[in-house]
Amino acid sequence: MILENYKNVRDILKKAPAQFGLPPREVAPTLVLVTKTQPIEKIIPLLEIGHRDFGENRVQEAAEKWPELMQRFPDIRLHLIGALQSNKAKHALQLCSHIHTLDRPSLLAELAKHVQPHHKIMVQVNTGNEPQKAGISPLDAANFIAQAKKELGQKLCGLMCIPPADENPAPHFALLKLTAKQGGLSELSMGMSGDYALAAALGATYVRVGSAIFGVKKT
Ligand SMILES: *Cc1c(COP(=O)(O)O)cnc(C)c1O
């Protein structure tokens, strides 16, 4: 079931621009499989068929699951896609190659202390200005991007967003793309199970997909 879903998602990603009447893209976005709450047994078949990009939203859970898998598959790229406490920044950088959720100056300072040349860091932008959601306000994004570039250099590579659940995500994806372009950044982390095809059509370079692959957890 999981492998079938995986092939399906890959197929949809490839056809996404055409689905929305947009010109084809040279490369499809990197599919980041979101494995939060998923046990190792469900992840191994995906590693065995060669998938290498995975996302976790908590450092603690990543530390419990992934070192063992990285011993077997050393070329895994682990993406942190959830809120990051400043005091866990160092540990996050030890485990993850990609951090999608830089969202404030104090975290920037901590990441800058420990970042290595292979890391890729993205700024989370709160495109809907939702009070309960993390991310830099779109109005402050230009300044924060400039500061982050100063401190992280080339390791700062792009932007990430989570559009409001009850809105058409397209304007949010477009805003993220424009903000990245104005900031001279090339990577766009946008699109989840409900909207990854649209995000891919609109220029995502990373899509973060969980339930479309692993199913929805019953509670
Ligand atoms: C859980 C999560 C995802 C994946 O969500 P699905 O809808 O299950 O695909 C993507 N991004 C972030 C930040 C998440 O926390």
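## Strands, core and ligand site

In strand β6, Met160 is the bridge partner of Gln124. Helices (H or I, at least four residues) and strands (E, at least two) are DSSP runs, numbered from the N terminus. The chain crosses from β5 through helix α6 (residues 141–152) to β6, and this β-α-β crossover is right-handed; that is, with the strands pointing away from the viewer, the path from the first strand over the helix to the second runs clockwise.

Before going on, a word on the model. It is predicted: local features need pLDDT of at least 70 and side-chain atom pairs count only at pLDDT 80 or more, while totals for chains, interfaces and linings use all residues. Residues are numbered from 1 along each chain as its sequence is written, and side-chain values use heavy atoms, leaving out hydrogens and water.

Back to the strands. β5 and β6 (residues 156–160) pair in the parallel sense over four bridges; pairing requires at least two DSSP bridges between two strands. Strand β4 (residues 98–102) also runs parallel to β5, joined to it by three bridges, and here Ile99 stands opposite Ile121. Together, β4, helix α5 (residues 105–114) and β5 form a right-handed β-α-β unit. Four of the five residues of β5 (residues 120–124) are buried, so this strand is largely enclosed by the rest of the structure. Buried means under 20% relative accessible area (1.4 Å probe, protein chains only).

Ile99 also turns up among the contacts (heavy atoms within 4.5 Å) of Leu84, alongside Val59, Ala89, Ala92, Thr101, Arg104, Leu107 and Leu111, not counting residues up to four places away in sequence. Leu84 and Leu102 have the most contacts inside the largest nonpolar core, which has 61 residues. Such a core is a set of buried Ala, Val, Leu, Ile, Met, Phe, Trp, Tyr and Cys residues joined through side-chain atoms within 4.5 Å.

Tyr6, in helix α1 (residues 2–19), counts as buried because its relative accessibility is 8%. Beyond its neighbours within four places in sequence, Tyr6 is in contact with Leu31, Leu33, Leu46, Ile49, His51 and Ile213.

Now to the ligand. Among the residues surrounding it are Val34, Ile81, Met160 and Gly210, each with a heavy atom within 4 Å of it. The table lists polar contacts, which are pairs of N or O atoms within 3.5 Å.

| Side chain | Ligand atom | Distance |
|---|---|---|
| Lys36 | oxygen | 2.8 Å |
| Ser193 | oxygen | 2.5 Å |
| Arg208 | nitrogen | 2.9 Å |

Definitions and conventions
Buried means under 20% relative accessible area, exposed over 50%, partly exposed in between (1.4 Å probe, protein chains only). A polar contact is a pair of N or O atoms within 3.5 Å; within protein, one must be able to donate a hydrogen and the other to accept it, and residues adjacent in sequence count only if both atoms are side-chain atoms.
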